[in-house]
Amino acid sequence: RGISTSGDPCALSLALCAQSVGEVRPYLALAYQAFEQAGLRASVRQTRISTTNGLYKLLYANPALLYLSAEYGMVVQFARRQPAGSQEQALNTMAELYDAADVALDLNELGIKGFDGADQNVLRSPTFNLMALLSQEQMASVVKASELGRGALEQMQVVVLDEDRLVLNDPDQLQTGPLDPALIAMIRRLRGVDTQGPLAITQGFEAPSFVQVRWCADMATVYPALTALAEGATRAARPLLIAARANIRRVATVLAMWANPDAPVITPDILAWVAKREVARLTTFLAQFDLLQSDDGKTSAYQKVLQAISEGKHHGINARELQRNCWAFRSLDHEKREELLDRLRDDDEIVNFIPE
């Protein structure tokens with residue numbers, strides 16, 4: 001229950017993206033395993049949240065909720081097609097909760113009975129943490145400009161597992177037993193399981209006592225790198241760049257709490273590390289966003305690959321550099337890459353040559 005002096009809580013929205021959801025699904029199991037071993041299984045939910053009332057019910061019982069969603073991309077993709085619109089309302093509420101301090105609600109409408117008092121009709125400072133999985137196919141729908149305001153997508157930190165970073169591990173070597181005791185102890189300490197002090201998690205209508213995270217670093221030092229990103233981005237990507245500042249502050253707040261839960265401080269080293277990570281992550285994501293931001297959500301790998309080759313001017317570009325520097329090319333399998341290059345050659349857009 002940390003909050004910075006600039007008002008940033010420790011709630012985060014993280015999305016793991018890969019060619020297939022199955023490649024990143026083990027991360028959800030690992031996150032659940034950590035909370036289960038810490039005795040916090042009640043703080044985790046994995047079922048689909050299909051209505052706003054359902055979301056409020058969960059936060060009322062677990063005001064510091066970790067939501068693990070393996071079908072998040074599918075939900076966003078088809079929410080607008082739902083006649084009742086309840087799923088879309090739930091996604092909009094997730095976005096609103098990202099910055100909400102208190103939420104007014106009606107316990108009777110939620111179906112929660114047995115409580116008296118007006119104070120119990122207010123959800124106090126809920127913390128909604130989201131860890132979602134996306135496939136690259138679903139990404140085409142998720143990053144459309146019309147979708148960014150829903151489901152906390154603007155604030156979501158999308159981490160891409162592309163072909164160059166994919167490591168296939170031996171299933172016999174994957175960790176299935178008890179996790180590091182130090183990790184479990186820290187989770188319990190941050191959640192207040194072993195104390196009756198200000199970190200203890202109670203009912204959602206009770207105002208929590210926060211541990212204040214102090215700033216001892218200058219946020220202005222990270223602005224030049226973000227400004228450089230903005231200069232090369234499209235107008236539609238501006239919400240992502242604005243949200244990047246909030247992401248940096250929040251991740252810095254989280255790391256300060258992990259470094260020293262009793263007297264957390266955001267140091268220049270923490271801020272510099274977080275800023276470097278966010279710029280690298282956002283650079284990768286903006287490359288995809290620029291590729292996938294069309295109204296119909298369809299990719300245009302042809303134009304992106306041609307642009308990457310053209311940037312080499314008279315020197316050209318070799319296949320390895322093209323794979324490393326062009327996400328649109330790297331996201332294709334080997335057969336599709338050759339087909340695309342053959343098509344570019346047939347259209348007289350590119351030629352092959354061997355430099356002396």
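Here are a few friendly notes on the pocket and the salt bridges in this predicted model.

1. Start with the largest pocket, which has a volume of about 1,600 Å³. Its lining is made up of 47 residues. Leu12, Leu14, Met131, Val254 and Trp258 are the ones nearest the pocket's centre.

2. Next, look at where that lining comes from. Among the elements that give two or more residues to the lining of the largest pocket are strand 2 (13-18), strand 7 (127-135), helix 9 (238-259) and helix 10 (268-292). Sorted by class, the lining has 34 nonpolar, 6 polar and 7 charged residues.

3. Now for the salt bridges, of which the model has 7. Side chains of opposite charge can pair when their charged atoms come close.

4. One of these salt bridges joins Arg124 and Asp102, at 3.4 Å from N to O. Arg124 belongs to strand 6 and Asp102 to strand 5, so the pair ties together parts that are 22 residues apart in sequence. Arg124 is partly exposed, at 23% relative accessibility, and Asp102 is also partly exposed, at 40%.

5. Are Glu278 and Arg281 buried or exposed? Both are buried. They form a salt bridge whose closest N and O atoms are 2.7 Å apart. The two residues lie in helix 10, 3 residues apart, or about one turn of the helix.

6. Finally, find helix 14 (residues 334-346), where Arg345 and Asp342 are 3 residues apart and so separated by about one helical turn. Their side chains meet in a salt bridge of 2.4 Å, N to O. Arg345 is partly exposed at 25% relative accessible area, and Asp342 is partly exposed at 36%.

Technical notes: Residues numbered from 1 in each chain as written. Predicted model: local features only at pLDDT ≥ 70, side-chain atom pairs only at ≥ 80, totals over all residues. Heavy atoms only, no water. 1 Å grid on protein atoms, 1.4 Å probe; cavity = no way out; pocket = protein on both sides within 12 Å on 5 of 7 lines; lining within 4 Å. Points joined across faces, edges and corners; volume = space filled by probe spheres on them. Helix = DSSP H or I, 4+ residues; strand = E, 2+ residues; numbered from the N terminus. Nonpolar A, V, L, I, M, F, W, Y, C, P; charged D, E, K, R; others polar. Salt bridge = Lys/Arg side-chain N within 4 Å of Asp/Glu carboxyl O. Buried < 20%, exposed > 50% of the residue type's maximum accessible area, 1.4 Å probe, protein only.
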